[in-house]
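Let's take a walk through a protein model together. Have the sequence and the 3D view open while you read.

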Amino acid sequence: MATKSLSIRIDDEMLDKLHYVADYEARSANGQIIVLIRECIEKFEEKHGKSCSATIPAPALLLVNSDPRNPRQHEENTRQSHTITPQLVL
């Protein structure tokens, strides 16, 4: 399995707290984030079944910035994930 890199934006206070928790758990910040992601995926899969791809099932997506009253815009936003802000609803 290939290891990928991910960059996130995080404010100073949250980063400090992440490092505090990671130190307490004897992990690096990266290791702590991996643990949190794994826990999130486990919780999701308990509720929705094992995921077999990187895509989130449609019922779990909440489409933001998509106006259903404008069918063309809504359809366009539904098809192009880079134009919407998906939020996982657990």
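Here is a short tour, from the overall layout to single residues.

Before we start, keep in mind that this is a predicted model: local features need pLDDT of at least 70, side-chain atom pairs count only at pLDDT 80 or more, and totals for chains, interfaces and linings use all residues. Residues are numbered from 1 along each chain as its sequence is written, and side-chain values use heavy atoms, with hydrogens and water left out.

**The layout**

The protein chain has three helices and two strands. Helices here are DSSP runs of H or I with at least four residues, strands are runs of E with at least two, and both are numbered from the N terminus. Reading from that end, the order is α-α-β-α-β.

How much of the chain is buried? Buried residues make up 12% of the 90 residues. The word "buried" stands for under 20% relative accessible area, "exposed" for over 50%, and "partly exposed" for anything in between, using a 1.4 Å probe and protein chains only.

What about contacts, meaning heavy atoms within 4.5 Å? Take the contacts between residues at least 6 apart in sequence: 30% of them join residues at least 24 apart.

Helix α1 covers residues 12–24, and helix α2 covers residues 29–48. D16 sits in α1, and it counts as exposed because its relative accessible area is 53%. D16 and A29 are 13 residues apart in sequence, and their C-alpha atoms are 9.8 Å apart in space.

The loop between α1 and α2 holds A26. This residue has a positive phi of about 60 degrees although it is not a glycine. A26 reaches 70% relative accessibility, so it counts as exposed.

Leaving aside neighbours within four places in sequence, Q32 is in contact with L18, V21, A22, E25 and R27.

**Salt bridges**

Side chains of opposite charge can pair when their charged atoms come close. For a salt bridge, a side-chain nitrogen of Lys or Arg must be within 4 Å of a carboxyl oxygen of Asp or Glu. The structure holds three of them:

| Salt bridge | N to O distance |
|---|---|
| K17 and E13 | 3.2 Å |
| E25 and R27 | 3.7 Å |
| E45 and K50 | 3.8 Å |

K17 and E13 both lie in helix α1, four residues apart, which is about one turn of the helix. Both of these residues are exposed.

**The largest pocket**

Rolling a probe the size of a water molecule over the atoms shows where empty space is left. On a 1 Å grid over the protein atoms alone, a pocket is an open set of points where a 1.4 Å probe fits, with protein on both sides within 12 Å along at least five of seven lines; lining residues have an atom within 4 Å of a point. The largest pocket has a volume of about 700 Å³. Of the 14 residues that line this pocket, the closest to its centre are T3, K4, L6, I34 and I37.

Terms used
Contact means heavy atoms within 4.5 Å. Grid points are joined across faces, edges and corners, and a volume is the space filled by probe spheres set on the points.
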